Amino acid sequence: MSVFTIFMQSEQGIPGSPLELITTSDPVTKVVLGILVLLSAISWGIIVAKWREFRRMRKTSDQFVHAFERAHTMSEVAVAARKAAGNPFANVFERAEQFISVTTPAMPATPERSARFSQSQVEALHLVLDAQTQAERDTLNHYIPWLATIGSASPLIGLLGTVLGIIQSFIGLSTSG
């Protein structure tokens, strides 16, 4: 037998396209590929959804910050915050406004000065704003850990498919002699 004849015989068993490679693979390989395709689709779905959410949030945030900068009174800022409902910056402002409205200043107003909060009340406001800021971050970070998990697990699943494919190759070689 010539080398050309052996090469032609072996070429008939080799898949010629990526689709043939998938269709002629064993069921375990198809399951691994299916899992990877599913994880990829989930990742892209999360990426597109977060991109839209961040784009929408950026637009409303820019509008609120611009209105905040132009405002001369707290009531003007409150109106802008109501218009930007659901915006993280507006939510933080509304939480501060709520705290201020329910807290009685430690130093009441006098004819010479306005009412003032004590240092401990200012520190409490700071803690409330930190908590609200963290809550807004948590809301925006929803589903982001899924991307990290999928990004970490996918190469390992791909490696599992590779190892299983090599095992199948060795089994095929041993049975064909």
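Axes here are lines fitted to C-alpha atoms, for helices over the stretch in contact, and angles run from 0 to 180 degrees between N-to-C directions. The model discussed below is predicted.

Q: At roughly what angle do the axes of helix α3 and helix α7 cross, and what orientation does that give?
A: Helix α3 covers residues 27-70 and helix α7 covers residues 144-176, and their axes come within 10 Å. The crossing is at roughly 160 degrees. Because angles over 145 degrees count as roughly antiparallel, α3 is, relative to α7, roughly antiparallel.

Q: Which secondary structure elements does the chain have, and in what pattern?
A: The chain has 0 strands and 7 helices.

Q: What is the radius of gyration of the chain, and why is the chain described as more spread out than a compact globule?
A: The C-alpha trace spans about 110 × 30 × 20 Å along its principal axes. For 177 residues the globule rule gives 16 Å, and the chain is well over that value, so it is more spread out than a compact globule, with a radius of gyration of 31 Å.

Q: What percentage of the residues of the chain count as buried?
A: A residue counts as buried under 20% relative accessible area. Of the 177 residues of the chain, the share that counts as buried is 19%.

Key: Residues numbered from 1 in each chain as written. Predicted model: local features only at pLDDT ≥ 70, side-chain atom pairs only at ≥ 80, totals over all residues. Heavy atoms only, no water. Helix = DSSP H or I, 4+ residues; strand = E, 2+ residues; numbered from the N terminus. Parallel < 35°, antiparallel > 145°, perpendicular 65-115°, else oblique. Rg over C-alpha atoms; globule rule 2.2 N^0.38 Å. Buried < 20%, exposed > 50% of the residue type's maximum accessible area, 1.4 Å probe, protein only.
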